[in-house]
Amino acid sequence: MSDPVPFRPYAAGSQPDYNAPTYGSTALRHPSQPLLRVPHSLTETTGPQHDAARYPKRDMLTQVAGAPRESMGQRIVVEGHVTDEDGRPVPNTMIEIWMANAAGRYHHEGDQHDAPLDEHFDGAGRVFTDANGHYRYVAIKPGAYPWRNHHNAWRPNHIHYSLFGAGFASRLITQMYFEGDPLLALDPIYNSIPDPAARLRMVADLDIGLTEPEWALGYRFNVVLRGRGATPFEEPGEH
Amino acid sequence: MAHATPSQTIGPYWHLLLEPSWADLTRFGATGEVITLEGQITDGAGALVTDACVEIWQTSPPISETFDGFGRSRTDMNGMFHFKTIRPGPTPGLGNAQQAPHLALTILARGITKALMTRVYFEGDDGQDTDPVLNLIEDPKRRATLIAKKTSEGSYRTDICLQGPAETVFLDV
């Protein structure tokens, strides 16, 4: 049996370090030992392929089942294309999304921010890309909220994303931000990415073409998952 | 060539996604030898990590209609995660190598900026002496961090330390 094609290493500066000093929670949660670089076997090159029949989609986050009215907030349509680093579409892959409500509070017992909850919004969604790698959902624009990382710290408006792609080595948790948000410059999590150009890949642009007149603003958020490459595996070992 | 979208922390509120049934990999009717795997996660100060998302992936037994190989568990107020799955067998490594039975395990949490990956092997299994990943780890104490201890027949426990002298071996995948 021939060896599986490994995933390529990430581009320099495109991913955060585990130890991000301005993001306080990393202090006791980052590994202090060098990671062990391992060759990619089937364990790493393959990954869960969720069957859409077993994982029902939730692409209308503005309408919670049984709720008598829509969620409060500014409606948005989010559409995007999921590809790998070589531009190949990633079809039929599960995307999980979660977000704060329009007031900047999560429907979560751990969130004690003094902002109103909306009983008609729970902020959890799930969509699948189509055969060409495209996805779409409807939500509200989540609010900014304070957190206790440092004095007067506020998270920019953002939507959390979870993607799997083709292999466990391409697992991606990220956040979608909004074009023009002045809080981005002040946010330690956004700025934990060393390369400023790479940070911009997490920022969704307003797309007037996606906007539905008289109904909802449209944002485009494309996601690029790790690509495969025949990069030879270097000397194994801890480095 | 485009570069991959950067990773960001999963944060403290990912439980909005949580479906407790996903911690049971037999939920689609898989048959085989059922085992349980549990463990406790601690940080660099020894504090319990109670808000983590723990995921496992296994390629053995083969993926099928009744077994999709994927599980997710939260850590609870005691920092514990719990999975029920089918015991994996050996799997092919690169070239002619054979890998000892194992799972891939990923930790996502507030304060963890990108998926923290490790592996779980099982105490007493054959093939660990020649396993290509275990053999990259020279220090026996560190190597032992990847091997879950048998607590009773069919039950295993692996505690994970994110940082410090007892730090688990994490993988650059």
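**Reading the chain A–chain B interface**

Visitor: How many salt bridges does the rule find across the interface of chain A and chain B?

Guide: The rule asks for a side-chain nitrogen of Lys or Arg within 4 Å of a carboxyl oxygen of Asp or Glu. Across this interface it finds five. One of them joins B:Glu19 to A:Arg126, with the closest N and O atoms 2.8 Å apart. This is a predicted model: local features need pLDDT of at least 70, side-chain atom pairs count only at pLDDT 80 or more, and totals for chains, interfaces and linings use all residues. Residues are numbered from 1 along each chain as its sequence is written, chains are lettered from A in the order in which they are written, and side-chain values use heavy atoms, without hydrogens and water.

Visitor: How many residues does each chain bring to the contact?

Guide: Contact means heavy atoms within 4.5 Å. Chain A brings 81 residues and chain B 65 residues.

Visitor: How much area do chain A and chain B bury between them?

Guide: Buried area is the accessible area (1.4 Å probe) that two parts lose on being put together, summed over both. Here that is about 6400 Å², 59% of it on carbon and sulfur atoms. In chain A, A:Tyr18, A:Arg29 and A:Phe168 lose the most area to chain B. Together they make up 13% of what that side buries.

Visitor: Which strand of chain B pairs with strand 1 of chain A?

Guide: Strands are DSSP runs (E, at least two residues), numbered from the N terminus. Two strands pair if DSSP finds at least two bridges between them. Strand 1 of chain A pairs with strand 12 (residues 171-172) of chain B, in the parallel sense, over two bridges. A:Arg37 has B:Asp172 as its bridge partner there.

Notes:
Helix = DSSP H or I, 4+ residues; strand = E, 2+ residues; numbered from the N terminus.
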